Amino acid sequence: MTIVEYLCSRQDTGYQDFQRKLMPAVPPESVIGVRTPILRSYVKEIKNTECARQFMQELPHTYFEENQLHALLVCEERSFDACLEKLQAFLPFVDNWATCDQLVPRVFRQHHQELLPYIDQWLTSGHVYTLRFGIGMLMWHFLDEDFDGKYPERVAAIRSGEYYVNMMIAWYFATALAKQYDAVLPYIAEKRLDPWVHRMTIRKARESFRVTEEHKEFLLRLR
């Protein structure tokens, strides 16, 4: 049974309809309708096999679920260099927010300094989802002990007409308000962000359970 045959055999048509509504920019015919737990289980079955290696070389894929599977396989890599190589080969073919946000390789947690030069590249990419991914890497890995004030400065400088880039910028700053409130509040108080991103950041921060009620009330006054 091929990978596509396996995915089709696990189709859930109700979930297919749900997924299509979540991703209006993705061609509906490319969505099979396979739930993520099934994909995760299948990844454990095929990772490190010749089948998986061949599959990851066959780009671009036809189906959304193939891209999801590919992203999960990248995340399974335990070698930083191997993970990065596979990631770089895959990023140009990522065509939706769900696959982009699925790409959070665990091995990157132990290699922050080696990761930074690549984040610099991704933040200057003209490809929507590579740029979104770069912002996401700063959000996932550099808002805690390795935080530096130059990182939000870089994100704030991004101006894009792309909805999915702007949503990620808002997500980044909303998360930063939960983790590094004093450092990033000036970006909101001084309205340094794009107006739409500014409003969305406040909205997302106010919806977050990690932002204190006191901070939420103050942010409300900054809309």
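Contact, in these legends, means heavy atoms within 4.5 Å. The model is predicted, so local features need pLDDT of at least 70 and side-chain atom pairs count only at pLDDT 80 or more, while totals for chains, interfaces and linings use all residues. Residues are numbered from 1 along each chain as its sequence is written, and side-chain values use heavy atoms, with hydrogens and water left out.

**View 1. H112 and its neighbours.**
Let us start with H112, a residue of helix α8; helices (H or I, at least four residues) and strands (E, at least two) are DSSP runs, numbered from the N terminus. Leaving aside residues up to four places away in sequence, H112 touches H141, F142 and D146. The side chains of H112 and H141 make a polar contact at 3.2 Å. Such a contact is a pair of N or O atoms within 3.5 Å; within protein, one must be able to donate a hydrogen and the other to accept it, and residues adjacent in sequence count only if both atoms are side-chain atoms. H112 has 11% relative accessibility and counts as buried. Buried means under 20% relative accessible area, exposed over 50%, and partly exposed in between (1.4 Å probe, protein chains only).

**View 2. The buried side of helix α8.**
Helix α8 spans residues 112-122, and its buried residues are H112, L115, L116, I119 and W122. They lie on the same side of α8, because they cover an arc of only 125 degrees around the axis; the arc is that of the directions from the helix axis to the C-beta atoms. An α-helix has 3.6 residues a turn, so residues three or four places apart point the same way. The cover over these buried residues includes α6 (80-90), α9 (128-141) and α10 (150-156).

**View 3. F108 in the largest nonpolar core.**
A nonpolar core is a set of buried Ala, Val, Leu, Ile, Met, Phe, Trp, Tyr and Cys residues joined through side-chain atoms within 4.5 Å. The largest one has 72 residues, of which F108 and I135 touch the most other members. Helix α11 (residues 163-179) gives the most to this core, with 11 residues. Not counting residues up to four places away in sequence, F108 touches F80, C83, L84, L87, L115, F133, M137 and H141. A second, separate core of 5 residues includes M23, V26, V31 and F64.

How many disulfides does a search of the whole structure find? The search finds 0, a disulfide being a pair of cysteine sulfur atoms within 2.5 Å. The sulfur of C75 is 6.7 Å from its closest cysteine sulfur, in C83, which is too far for a bond. Both residues are buried: C75 has a relative accessible area of 9%, and C83 has 0%.

The whole structure holds 12 aromatic pairs. Rings of Phe, Tyr and Trp (its six-membered ring) pair if their centres lie within 6.5 Å; planes under 30 degrees apart count as stacked, over 60 as edge-to-face and the rest as tilted. W122 and F133 are edge-to-face, at 4.9 Å centre to centre and 70 degrees between the planes. W122 lies in helix α8 and F133 in helix α9, so this pair ties together parts 11 residues apart in sequence. Y129 and Y164 have ring centres 6.1 Å apart and planes at 40 degrees, so their pair is tilted. Here Y129 in helix α9 is linked with Y164 in helix α11, 35 residues apart. Y129, Y163, Y164 and W196 form one aromatic cluster.
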